[in-house]
Amino acid sequence: MTRASEQGAARPVEPLAGLVWPMARGAEALEALARSAGLPLPRARTNVVGQAPTDPNRLGEWLDAAAQAQGLELDLAYTRHGEVEKALLRASPALLDVVTSEGVQVAALLRVSASGRTARVIAPDETERDVPLALLTSGVQALVEGTQAPTVDRVLSRARMPEPQRLLARRALLGAQLANTHLVASRTLRLPPGARLVHHLKALSTAPRLALVLVLAVLIQVCVLSAWWLIGRGAFEGQLDHGWLWAWALMGLTAVPLQAALAWTQGALALDLSALLRRRLLAGALAMPVDEAKRGGIGEYVGRTFESAGMEQMALAGSFTSLLAVVDLTLAGSVTLSGPAGMLGLAALAGYCVLLGVLVARQSLLFRGWTEARVVMTHALIERMLGHRTRLAQEQPSRWHEEEDQELARYSDASERWDAGTARVTTLARRGLLPVAIMAILPGVLAGADTASIAVGVGAALLGARAVMSLAVGALALMGSRVLFSAVRPMLDAARLSGAVGGGGKDDEDAAPQVTPLAATETPSKNQALLEVRDVYFKHPASPRAVLEGASVVIHPGERVLLEGASGSGKSTLASILTGLRRQGSGVVLLRGLDMSTWTQDGWGAQIAGAPQFHENHIISGTLAMNLLLGRAWPHTQDDVKLARELCEELGLGDLLQRMPAGILQMVGERGWQLSHGEQSRIFVARALLQRVQVVVLDEAFGALDPVTMRKVMACVEQRAPTLIVIAHP
């Protein structure tokens, strides 16, 4: 969180007095905003542990944790100083950090008016008030104007400009000075990706929007049928005058805006559902268990990514197409009953739909085979690309094509069978029903049905043929999405389980207790155990034996613990359990006396940070400062960057900073400055120390360091880490 106190004396926004909440009541503002916005509150606020921290740098984390404890999340919107107003237009419902005469406070933004000039906020007395959006914009911008505002005010005071022009000049000067300064414009309140699907659908108003789609589809078909009924009746009765023609044209024109409204409603709902699915897939990919992620490999992940895109398109397109086809089919059945075919025509229509359903079910087997062949090819291609050097050394180039040829042959065969089956289904759906419907009409024709009744029967046959074709296309798409669902189901399951408390996978996650991370400044008593491990048992899914059996340890605040053991003895597994990357099979892991399952995932991570082994840690393409401050809020404050630079000096990275042209802001990683093994190891250590946690776990973090550098690093770690666990070989 950016603080006005860090930036100097910010210009207060007096008109917001009485409309904003004190930061200490931020959790109450969040709950009131959620209720007014109609968001579900699966959990009660009474489960929040701890008050607002006194350290302003931790207020943002506290608000995030308060949102998690209520089953919600805050999505931070970062923007430039001059683009705050644009960000607020699409932020609601959101919490805003604004500067008033009382300091930094919270504004609960409910919505912005259609004109974009006024905003509705929730006041501390939980009443709704309208305020100019420009006031909120100025309050948010004041968070970073502290360093420049005094200088600008002095310049303008010497210019002796009148007040209206002075205000405009002040905004222009501050905008020019802070054009590239980033800040947190808003904290949009929304459901987390792992929340129950029914809550997401309720928040998106899915049921009313689907009902609107159905109503519009029915109205369109009623207009079309009415138009043809009018023109047909006039033609058969010989009364085709101007009145009948105008009525026919009016019905046809009425269907045009209805069709546009249907397309807009359907498209907007499809976009919202698509965004929801993508969020859940991303959350699931990040929340997948470590062992499962390693077992699949990058090739499998790329394949799953491709399949997720296909599943999304097929599921949405198939759902809407099938839904509209059912509407058309229902109308076709009702028209068929009023024609000469009667019940016989309705039975023929139902029987033909059953036949197509059987063929579509058979197609699912062909589609599954085609999908598996495609996934195998994708996985093999990625793995060969990653292992190209090994392949050069172990396999003759002249034999490389053999396996690829076999994979291509299997894929070609599966694709041919799928295409042939699909062609059969679509051809039967497009051309097969019409002759069947005509045959169902023949008994009525032979019985002496009148011309108008015959015309109605033919129209019903045409309408039914179109509905069956749409239904077949939608059913094929839904069948394909169901097959592809098996490829992405692990990610969706991981997203759902991540919504449970601590990621423990409880089904009734809404009823489970939650706690928030306590502020790091609240150091527990040295007589109280900070971290307890009791009889922990863990076994990898593919391993015949347990890695940990009855592991127990008690760690008090300020202690330095060394864990030694041979390779494969479970040291790194225990470290991953302590840092929350894995869940123990059995046993108890307590932090401050609370079991891991009662903590939110972020809450546990706010207390314990680790530097995993070198091959499990990464330098991200970006600035060195970003790599060091990954555990802190963005944009980084000057104090954060200063602290990171000081820590680099203590870890012996001062020469590296001097060599870099941009210093700590130098781009590093694959597309930037290349770092040695030892330099990366020290950056991993610095990253863990900069996360402001109570426990730091270092897993073989000193293996690439020479003795002199290791002593310097150890001295820094001893001084900086509140409680330290070091894992090393004997």
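This is a predicted model: local features need pLDDT of at least 70, side-chain atom pairs count only at pLDDT 80 or more; totals for chains, interfaces and linings use all residues.

**Surroundings of Trp248.** I then looked up where Trp248 sits and found it in helix H10. On the surface, Trp248 forms a nonpolar patch with Val224, Trp228 and Leu245, and I noted an accessible area of about 380 Å² for these residues together. Two helices, H9 (206–236) and H10 (242–287), each supply at least two residues of that nonpolar patch.

**A residue in H15.** Next I turned to Leu484, whose place is in helix H15, spanning residues 451–498. Is Leu484 buried or exposed? With a relative accessible area of 2%, Leu484 is buried, because buried is set at under 20%. Which residues does Leu484 touch, once those up to four places away in sequence are not counted? My list has Glu307, Gly310, Met311, Met314, Phe367, Thr371 and Arg374. For one of these, Thr371, I also looked up the C-alpha separation from Leu484, which is 7.6 Å although the two residues are 113 residues apart along the chain.

**Helix H7.** I went on to H7, which runs over residues 163–177 and has 15 residues. From its first C-alpha to its last, H7 reaches 21 Å, close to the 21 Å expected at 1.5 Å a residue. The buried residues of H7 are Ala169, Arg170 and Leu174. Why do I place these on the same side of H7? They cover an arc of only 130° around the axis, and therefore they share that side. Turned away from the buried side, the other face of H7 carries Pro164, Leu168 and Ala176, which are exposed. As for what covers the buried residues of H7, I noted that this includes helix H6 (149–159).

**The chain as a whole.** Last, I collected the totals for the protein chain, which has 22 helices and 16 strands. Of its 730 residues, 46% are buried. Among contacts with a separation of 6 or more, 76% are accounted for by residues 24 or more positions apart. The chain exposes about 35500 Å², and I recorded that carbon and sulfur atoms supply 59% of this area.

How values were computed. Residues are numbered from 1 along each chain as its sequence is written. Side-chain values use heavy atoms; hydrogens and water are left out. Helices (H or I, at least four residues) and strands (E, at least two) are DSSP runs, numbered from the N terminus. The expected span of a helix is 1.5 Å times one less than its number of residues. Buried means under 20% relative accessible area, exposed over 50%, partly exposed in between (1.4 Å probe, protein chains only). The arc is that of the directions from the helix axis to the C-beta atoms. Contact means heavy atoms within 4.5 Å. Patches are made of residues with over 30% relative accessible area and no salt bridge: like charges are joined within 9 Å, nonpolar side chains (Val, Leu, Ile, Met, Phe, Trp, Tyr) within 5 Å. Accessible areas come from the Shrake-Rupley method with a 1.4 Å probe; for residues, only the protein chains shown count as cover. A salt bridge is a side-chain nitrogen of Lys or Arg within 4 Å of a carboxyl oxygen of Asp or Glu.
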